[in-house]
Amino acid sequence: MTTTEPTSEPEPESAVETARRQLERAAAHLDVDEGIVERLRHPTSVYRVTIPLERDDGSREMFTGYRAHHDSVRGPYKGGLRYHPGVTEEECVGLSMWMTWKCAVMDLPFGGAKGGVVVDPKELSKDETERLTRRLAEELRPVIGPMKDIPAPDMGTGPQEMAWFMDAYSMQQGETEPGVVTGKPPVVGGSYGRERAPGRSVGIVAREAIEYYDWDMEDTTVAVQGFGSVGANAARYLDNLGASIVAVSDIDGAIYDPDGLDTTDVEDHDETPGMVSGYDAPETLSNDELLELDVDVLIPAAIGNVLTAENARDVSANLIVEGANGPTTSTADQIFEEREIPVIPDIIANAGGVTVSYFEWLQDINRRKWSLERVHEELEDEMLQAWNAIREEYDARDVTWRDATYIVALSRIADAHDVRGLWP
Ligand SMILES: NC(=O)C1=CN([C@@H]2O[C@H](COP(=O)(O)OP(=O)(O)OC[C@H]3O[C@@H](n4cnc5c(N)ncnc54)[C@H](OP(=O)(O)O)[C@@H]3O)[C@@H](O)[C@H]2O)C=CC1
Ligand SMILES: O=C(O)CCC(=O)C(=O)O
């Protein structure tokens with residue numbers, strides 16, 4: 001195992017710093033041109049837009065939006081659009097880097113992008129959200145397109161926002177262009193299974209890891225932070241397989257039942273945001289307490305930077321499967337390595353989302369719909385191929401699961417840069 005001494009440096013403040021450290025760790029295991037690594041430390045471009053919004057009461061407000069393009073050597077830029085008050089340019093850049101690695105790990109013909117609007121979607125009416133989304137599509141129009149950059153849902157956005165986005169783009173284009181965005185409702189070119197795919201892949205990867213460590217699913221306890229698109233679907237998938245989901249949370253706190261919760265009875269973020277903490281459960285906990293529960297598997301599936309130098313020594317789980325993007329800081333990662341707690345990284349665990357987005361894009365381009373069964377079968381195949389590639393690296397080298405995953409991703413990206421000759 002390659003150990004790095006925990007440093008006394010302050011915790012990385014942004015996703016981009018964490019993403020760069022992860023890149024450097026992986027590069028140290030590979031013979032990659034220094035120039036390519038340096039190139040990958042930076043985005044190719046970042047767009048900043050101002051979105052004027054007329055509120056329902058007639059007042060006007062300006063919102064800031066970003067779209068970061070990281071790398072497109074393997075194909076068009078791809079990645080979600082986030083509506084959250086904490087969105088920053090730096091965060092979008094870090095998240096776009098993770099999308100580049102994620103698409104490469106899954107061997108998808110895409111590069112990495114991410115964007116967002118600095119807004120609390122819970123403070124917007126449905127009409128205001130529609131106006132904001134349509135205007136965002138217009139502002140981003142010069143830099144997106146089915147062969148250029150294909151947005152998708154992320155935190156705070158879902159199929160409805162993607163449908164408005166596609167409609168706004170198509171109206172300006174003069175023709176319906178479903179392939180400009182993925183994660184749409186199936187009735188307008190969306191793929192069956194996309195909404196549940198990131199959570200489903202977290203479940204599939206957790207299942208494979210549980211098998212790798214030779215644990216019995218029926219005896220496995222799981223805690224999940226966040227009960228939205230990713231968290232709720234991961235929890236329900238594992239619940240279905242027989243694991244005991246003892247705790248789940250939303251922004252206001254967690255519910256806990258040592259005998260296991262009925263995850264289909266708890267309403268998720270899409271059904272009614274904020275309903276988890278109001279559920280009638282035997283015990284309630286804070287989000288911080290959930291992260292330190294004595295469980296077999298911990299799935300942080302809400303926001304970034306929740307596992308930090310502050311709490312990593314108090315985490316009691318035997319395995320962490322990252323549902324959210326970037327939930328673990330670099331220092332926490334080093335502590336988990338030192339404590340021999342395996343961490344299966346976000347860029348494989350939640351990659352089902354972008355994988356089914358790829359299926360959706362294929363369906364849109366070919367104007368041919370796939371059945372839900374086909375989506376599930378192909379997703380299972382893609383996840384297993386990616387998992388097996390990572391497991392081979394993990395078994396062959398003395399590295400963490402994160403390093404093994406980055407090694408697979410980086411070698412594919414570096415090879416593509418080499419062959420295309422984009423560097424220098
Ligand atoms: N959607 C997608 O396709 C993909 C998403 N991801 C990543 O997964 C993560 C979650 O995204 P997604 O499930 O889509 O988001 P959703 O908006 O669907 O759900 C987010 C969940 O997290 C809870 N939450 C929000 N803030 C906090 C907080 N500060 N502390 C604890 N819980 C909180 C929300 O609670 P409440 O209901 O109260 O708001 C909600 O239950 C993000 O990191 C995202 O980037 C990764 C791959 C794909
Ligand atoms: O489906 C997609 O294109 C991207 C989803 C996403 O933003 C992510 O995986 O973090």
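The questions and answers below concern a predicted model with two domains and two ligands.

Residues are numbered from 1 along each chain as written, while chains are lettered from A and ligands numbered from 1 in the order written. In this predicted model, local features need pLDDT of at least 70 and side-chain atom pairs count only at pLDDT 80 or more, while totals for chains, interfaces and linings use all residues.

Biologist: How many residues of domain 1 are in contact with domain 2?

Modeller: Contact means that C-beta atoms, placed from the backbone, lie within 7 Å. On the domain 2 side, eight residues take part, and on the domain 1 side the number is eight.

Biologist: Which helix gives the most residues to the shell around ligand 1?

Modeller: The shell holds 29 residues, where near means a C-beta atom, placed from the backbone, within 6 Å. Helices are DSSP runs of H or I with at least four residues, and strands are runs of E with at least two, numbered from the N terminus. Both α7 (229–240) and β7 (244–250) supply at least two residues. The largest share, three residues, comes from α7.

Biologist: Which elements give two or more residues to the shell around ligand 2?

Modeller: Of the 13 residues around ligand 2, the nearest include G80 and G353. The elements that give two or more are β3 (77–84) and α11 (352–366).

Note on methods. Domains from an automatic or database assignment. Contact = placed C-beta atoms within 7 Å.
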